[in-house]
Amino acid sequence: MTDTASKRARFRALHSQGCFVLPNPWDVGSARLLQHLGFAALASTSSGHAWTTGRPDYAVARDDVLDHLVELCAAVDLPINADFESGFAVEPQAVGANVALAIKTGVAGLSIEDSKPGGEGLHDLSLAVERIRAARNAIDQSGQDVILVARTEGMLADAQALTPAIDKLVAFAEAGADCLYAPGVKRKDDIAAMVRAVAPKPLNVLMSGPGLSVAELTGLGVRRISVGGALARVAWSAMLAAAEQIRCGSFDGLAGAGPGKRLNDIFAGFVS
């Protein structure tokens, strides 16, 4: 198994040039499957993980998330970026303390959102910046090379809110974020403007459905691409569709199932 320091160094190098895709597994099996397919790094997903526990997104407690991150980091040789939600706290000092705990799980990066608890909107710019600064301080004090990703969620609610999103990302960059992220940005011109605004720091773009290709995003200057809970939604939707047919008396929905031997062969490569 690759040591944590090597994973973190590789993750840092991925952000220095080009563009890479950071798919989001929700458990050990999906993480190992993505490693088998040749991806260079992975990111956890708060929604995908919550659904595996039978809970909605943002309903998983901090300590359960920390346990999940430990499990993911130990399961694969790839760097893991943690979806650390809003830091499981409001006040900057508490965010910093929680980031220190996340670093100990072995993650190579972690993201902090500007969302208020319970989905009650976003923190104002001043507090959001202080929260990112506290996360930066926690990483620096740890002495570990962990990528800090700062997120603003405003464009998920309003796709036209480009200017306030850029203003926050620029402020987050100045506060010490290594990578910037505004899920919800989709238009080419908006993405290009965001890339320019945070340069030379890298921008992460979320692709939660069909749209721009990796080549197109690379051409816009995007440094990394994630998919959030989209892969988990694909898996759950396939199960729901097949199970609904079974409930109605038909097993036709199982026709799309792949051979178990393929999965056994893939996972056998991880058993020592």
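The lining of the second largest cavity comprises four nonpolar, no polar and four charged residues (Ala, Val, Leu, Ile, Met, Phe, Trp, Tyr, Cys and Pro count as nonpolar, Asp, Glu, Lys and Arg as charged, and the others, Gly among them, as polar). The model is predicted, with side-chain atom pairs counted only at pLDDT 80 or more and local features requiring pLDDT of at least 70, whereas totals for chains, interfaces and linings use all residues. Residues are numbered from 1 along each chain as its sequence is written, and side-chain values use heavy atoms, without hydrogens and water.

The residues lining the second largest cavity are I112, E113, D114, A128, R131, I132, R151 and F172 (a cavity is a set of points on a 1 Å grid over the protein atoms alone where a 1.4 Å probe fits but cannot get out, and lining residues have an atom within 4 Å of a point). Its space amounts to about 30 Å³ (the volume filled by probe spheres set on the points, which are joined across faces, edges and corners). Helix α6 contributes most to this lining, with three residues (helices are DSSP runs of H or I, at least four residues, numbered from the N terminus).

Helix α6 (residues 125-142) also packs against α5 (residues 92-103) at an angle of about 40°, with the axes 8 Å apart (axes are lines fitted to C-alpha atoms over the stretch in contact, and angles run from 0 to 180 degrees between N-to-C directions). The residues of this contact divide into 10 nonpolar, two polar and two charged.

Notes. Helix = DSSP H or I, 4+ residues; strand = E, 2+ residues; numbered from the N terminus. 1 Å grid on protein atoms, 1.4 Å probe; cavity = no way out; pocket = protein on both sides within 12 Å on 5 of 7 lines; lining within 4 Å.
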